[in-house]
Amino acid sequence: MVTATQSLRPQAGAGAFWRRLVNGDEVARLVTLAFASTVLLIVAVLVFELFRGSAVARHRFGWAFFVTQNWDPVAEQFGALPFIYGTVVTSAVALLIAVPLSLGAAVFLAELAPQRISDACTFLIELLAAVPSVIYGLMAIFTLVPLLRDYVQPFLGKTLGFLPFFQGPSFGAGYLAAGLILAVMICPFIISISREALFGVPREQREAALALGATQWESTWQVVIPHARLGIIGSVFLALARALGETIAVTMVIGNDPSIRASLFAPGYTIAAVLANEFTEATGELYLDSLVELGLVLFLLTMVINALAQLLVVLTSRRGSAHP
Amino acid sequence: MRNRVVLCCKLLIPMALLLGGSLYAKVLINAAGATFPFPIYSKWFEEFPKQEPDVQINYQSIGSGGGIRQLAEGTVDFGASDMPMTDEQISRMKVKPLHFPTVLGGVVPTYNIPGVSQDLKFTPDALAGIFLGKISKWDDPALKSSNPGVALPSAAIIVVHRSDGSGTTFVFTDYLSKVSPAWKQSVGANTSVKWPAGIGAKGNEGVAGYVKQTPNSIGYVELIYAIQNHMGYGSVRNAAGNFVKADLESVTEAAAGAAKSMPDDFRVSITNAPGKRAYPISTFTWLLVPSKIDDPAKKKAITGLLRWMLLGGQKFAGPLGYAPLPKEVVAKEQKAIALVN
């Protein structure tokens, strides 16, 4: 991005600068530059404040904060691992469910469905994206959790109980409930953006594939989807970012228990949930600073995952395919 | 033109003086803290200015921890907390805060056992055992012996506790710490603790919701919440050995029982209080007022508020579900108002 704008900008002297200023180009550049830099400024202030606010906890626990499991406000012992684990596991469950489902839906809406049905469905999907997360949370408490507790989890326990992920008592609330409600919440993002990406594939690409004797499925799978790959990956990572940071809906159904368990039936905890739960009543410097440090950890986690996304995009682009 | 300007000035200046004067006379008091007494505080802070039209009070229910922090930073004129401040917290304050109990609340065990409609009776050991995860079935002898004639099922107990930091949790864990050495040693008392068992739900409504829809579960909620939502709850055996069901009288009784041994700074826990009818899981909630207020107008307003709260204000407590302060405590607090300089 940066290199692109720099190469577009002509090397100009003071006279050219004034001419451009009068024309408005330079004004537009400066104003948009100012807007763009506020984003950087916000990120910088955020990191700085989180870093400064967590000083006591960082000095006290050091790197051990990331790998210890104990979270005991009475004894003032704090470790982030159960929260990191819960955040990653719930997001992973959500992606595992939402990605295939949403991709299938996006392919149908973009490639196979009649225009009117596609538009109507898309309208509804975008409506889902606008539902406040507390509504999803309530829905989860009153319908999803009882459903999981009484039917789904006992069934999974019976059929797949040999796996460590589906063992133990069934409370209803836990990693699985949180992952499922997150999946529902992020589907609209993936569907909506992927559908747009698929629409963006030039008509000639499809026609060429069909002319070569490909069936419609082969054309979609081997030409259209690879071509729209970047948009699809982008949608998945946007959804993942939402899943990592989702607070209220997760807090309501995850069971809020800071321990690490393999079973998806067990109650867990996420970083965003513990912040929402404990921040207001946290007394004592170490406790408060540990919570702020958790905020820093969540920020780092999101950054690492975004970096991985960029890496993935670069790697797949290099392999060379329909996309430039 | 010139005349017009003069006329404008003649009109505007008295108006500005009038406006500025009335704004100046109004004393704006900012306060923040506990969420548990918020309904009664918002009632009080609406009623008090009717007596003292010059005072306006703005209360933000951001949580006890937040109230203490804001008071320490001097961004509010007084704070409010559901747990008394520790010596360490007080030592770090620039101006020493004074504690003033305002009303009382209780915490009650609520449960959902299919087929059991009677009110259960809980001994302290049974409650501690359940929340420690040591009593894991409803037909445990510890529960059966205090509930003869109740058909308790042989089902696993699902424990539901608060996930958000809260004064309710503090009172409940403070009580368990007093009655169970095992609890005190392994868990302790705080607004959030490391729970040995169960799942966490956010807020009274979260706990109540989970208990309502989860068979064989038990949780704890504020007495007010249980009363307002017509929930059933169990009775608890108090220090005198009687099973007491929480209501406004039994909670006030707990405060009266503790009044005799009340320290001068009012920082006292009244869980497991003596008294035949005292409900054992009761608590005060406190206003935290700085012992030195520089602005004389603010000092007058705050001390006036405290005086009114102890006399006229108490009658608003009952209808909102809060237990009023016993007479002994009111008398003691009236003397303590003089400590605000």
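Trainee: Why is β11(B) said to be largely enclosed by the rest of the structure?

Mentor: Because nine of the nine residues of β11(B) are buried. Keep in mind that this is a predicted model.

Trainee: Which residues of β11(B) lie on one side and which on the other?

Mentor: In a regular strand, side chains alternate between the two faces of the sheet. Here one side of β11(B) holds B:Ser282, B:Phe284, B:Trp286, B:Leu288 and B:Pro290, and the other holds B:Thr283, B:Thr285, B:Leu287 and B:Val289. Both faces are covered, as all of these residues are buried.

Trainee: Next, pairing. In which sense, parallel or antiparallel, do β3 of chain B and β11(B) pair?

Mentor: Strands of a sheet pair through backbone hydrogen bonds, either parallel or antiparallel. Strand β3 of chain B, residues 78-81, pairs with β11(B) in the antiparallel sense, over three bridges. B:Ser81 stands opposite B:Trp286 of β11(B).

Trainee: How many bridges join β4 of chain B to β11(B)?

Mentor: Nine bridges join them, and β4, residues 97-112, runs antiparallel to β11(B). Here B:Val103 stands opposite B:Thr285 in β11(B).

Trainee: What is the strand order in the open sheet of three strands in chain B?

Mentor: The order is β5-β9-β10, with mixed pairing. The edge strands are β5 (121-122) and β10 (243-244), each of which pairs on one side only. β5(B) and β9 (residues 235-237) pair in the parallel sense over two bridges, and the bridge partner of B:Phe122 in β9(B) is B:Val236.

Trainee: Now the domains. Where are the bounds of domain 1 and domain 2 in chain B?

Mentor: Domain 1 covers 26-104 + 284-339, and domain 2 covers 106-260. Their centres, taken over C-alpha atoms, are 29 Å apart. In the contact between them, 19 residues of domain 1 meet 15 residues of domain 2. On the domain 1 side, α3 (64-73), β11 (282-290) and α13 (327-336) of chain B each supply at least two residues. By class, that side has 11 nonpolar, six polar and two charged residues.

Trainee: How many residues does each chain give to the contact between chain A and chain B?

Mentor: The size of an interface is often given as the accessible area lost when the parts come together. Counted in residues instead, the contact takes 22 from chain A and 29 from chain B. On the chain A side, β1 (71-72), α8 (133-160), α13 (248-253) and α14 (271-278) each supply at least two residues. That side has 11 nonpolar, seven polar and four charged residues.

Notes. Residues are numbered from 1 along each chain as its sequence is written. Chains are lettered from A and ligands numbered from 1 in the order in which they are written. This is a predicted model: local features need pLDDT of at least 70, side-chain atom pairs count only at pLDDT 80 or more; totals for chains, interfaces and linings use all residues. Domain bounds come from an automatic or database domain assignment. Two residues are in contact if their C-beta atoms, placed from the backbone, lie within 7 Å. Helices (H or I, at least four residues) and strands (E, at least two) are DSSP runs, numbered from the N terminus. Ala, Val, Leu, Ile, Met, Phe, Trp, Tyr, Cys and Pro count as nonpolar, Asp, Glu, Lys and Arg as charged, and the others, Gly among them, as polar. A residue is buried if 20 or more other C-beta atoms lie within 10 Å of its own, exposed if 12 or fewer, and partly exposed in between; C-beta atoms are placed from the backbone. Two strands pair if DSSP finds at least two bridges between them.
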